[in-house]
Amino acid sequence: MFHELFLDSMEQERKFSNDQEAFDPSALPPFRINEIRAAIPEHCWVKNPWRSLSYVLRDLLVVSALMVAALHFNSWFFWPLYWAAQGTMFWAIFVLGHDCGHGSFSDSPKLNSFVGHVLHSSILVPYHGWRISHRTHHQNHGNVEKDESWVPLTEETFKELDRSTKILRFTVPFPLLAYPLYLWRRSPGKEGSHFNPYSSLFTADERRLVVTSTVCWTIMAVFLLYLSFVVGPVQMLKIYGVPYLIFVMWIDFVTYLHHHGHDEHKLPWYRGKEWSYLRGGLTTVDRDYGLFNNIHHDIGTHVIHHLFPQIPHYHLIEATKAAKPVLGKYYREPKRSSPIPFHLIKNLVTSLSQDHFVSDTEEIVYYQTDPNLHKKFSSKLD
């Protein structure tokens, strides 16, 4: 009896493995986006501004409490704990500002803009500048030529990079420090700045909005500079500078892994007529961040967010559960995490060691590997 059960289990595992190998993630899905939308309960689309504001209040209270505790204890035992916790809270604040940018915070554009400016300016993010480029990312996710976030380099562009740039782009921890540079200069192969209203990122009608955000960002930067004179640069580095650095690492870590490094399949990217909003959205990956899921407002529940960014973050888990029967194999179940998502570090390092560039011409493309960089990574990991 046991032998039969064992053989049956092995047969099921073999069939599952074969099914996984046979699945082509770039194949046209057998469903339409309206079918996914119809599967999601109506109340998941409702935006409650009071509930959204309660999360803002929660996060600001935690940020304030951490700062008071750090100044009270003021010990080198407590400071590292403070940096990790406060940097994580800066990332949580970013996610709420991100909801404002999508309009999923509330139905009021004025409330979204006000809260978004307060939250994002406090962590040195130009709200409208980032909001507009992030909208471009969502409208073109998975499109090699038009996407905006962690876009693959074409083989021609990759070969034009000098060795130091390649090392910085594909060697941990350097990619985890990229966000401020991205805000100022965007990615290789793209031009423009999130602070410049005349950047190619923006239309003429959006320039006034970008000026407003840049002014808010500048006021915050000047305020931080003033505080560094009042309390001293070292103290400001401890209170704000290191947590900001942790926040930058969080945003680069999370946004990269939402579009790279899946365990079982390479993720396709598209060009031309092969791209569609649905196919691009289905290249996104959900991630489990353990105890951080609730802290950073379930941003790891990312597939449904990409397809329907107007859904508030507090409905994403329910919406995802409802949509999974429609998505089928096109939904990649995230690997369950321990309280600290250490398993995702391997995904990051592996992806950066292998996902270097894509073909210059094909319309359905997958990342290819520079053998020299891959060899360099392999020797380091060994």
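Biologist: Is Glu206 buried or exposed?

Modeller: This is a predicted model, in which local features need pLDDT of at least 70 and side-chain atom pairs count only at pLDDT 80 or more, while totals for chains, interfaces and linings use all residues. Residues are numbered from 1 along each chain as its sequence is written, and side-chain values use heavy atoms, with hydrogens and water left out. Buried means under 20% relative accessible area, exposed over 50%, and partly exposed in between, with a 1.4 Å probe and protein chains only. Because its relative accessibility is 9%, Glu206 counts as buried.

Biologist: Which residues is Glu206 in contact with, leaving aside its neighbours within four places in sequence?

Modeller: Glu206 is found in the loop between α9 (179-185) and α10 (207-231), where helices are DSSP runs of H or I with at least four residues, strands are runs of E with at least two, and both are numbered from the N terminus. Contact means heavy atoms within 4.5 Å. With those sequence neighbours set aside, the residues in contact with Glu206 are Ile132, Arg135 and Leu201.

Biologist: How many residues apart in sequence are the parts that Asp355 and Lys266 tie together?

Modeller: The side chains of Asp355 and Lys266 meet in a salt bridge, at 2.6 Å from N to O, a salt bridge being a side-chain nitrogen of Lys or Arg within 4 Å of a carboxyl oxygen of Asp or Glu. Asp355 lies in the loop between α16 (343-354) and β2 (364-365) and Lys266 in the loop between α11 (233-257) and β1 (269-270), so the parts tied together by this pair are apart in sequence by 89 residues.

Biologist: Is Asp355 buried or exposed?

Modeller: Asp355 is also one of the residues that line the largest cavity. Its relative accessible area is 8%, and therefore Asp355 is buried.

Biologist: Which residue forms a salt bridge with Glu363?

Modeller: Side chains of opposite charge can pair when their charged atoms come close. For Glu363, which is partly exposed with a relative accessible area of 28%, the closest N and O atoms of the salt bridge are 3.1 Å apart, and the partner is Lys273.

Biologist: How far apart in space are Ala84 and Leu245, C-alpha to C-alpha?

Modeller: Ala84 lies in helix α4 (residues 78-102) and counts as partly exposed, at 42% relative accessibility. Ala84 and Leu245 are 161 residues apart in sequence, whereas their C-alpha to C-alpha separation in space is 9.8 Å.

Terms used:
On a 1 Å grid over the protein atoms alone, a cavity is a set of points where a 1.4 Å probe fits but cannot get out, and a pocket is an open set with protein on both sides within 12 Å along at least five of seven lines; lining residues have an atom within 4 Å of a point.
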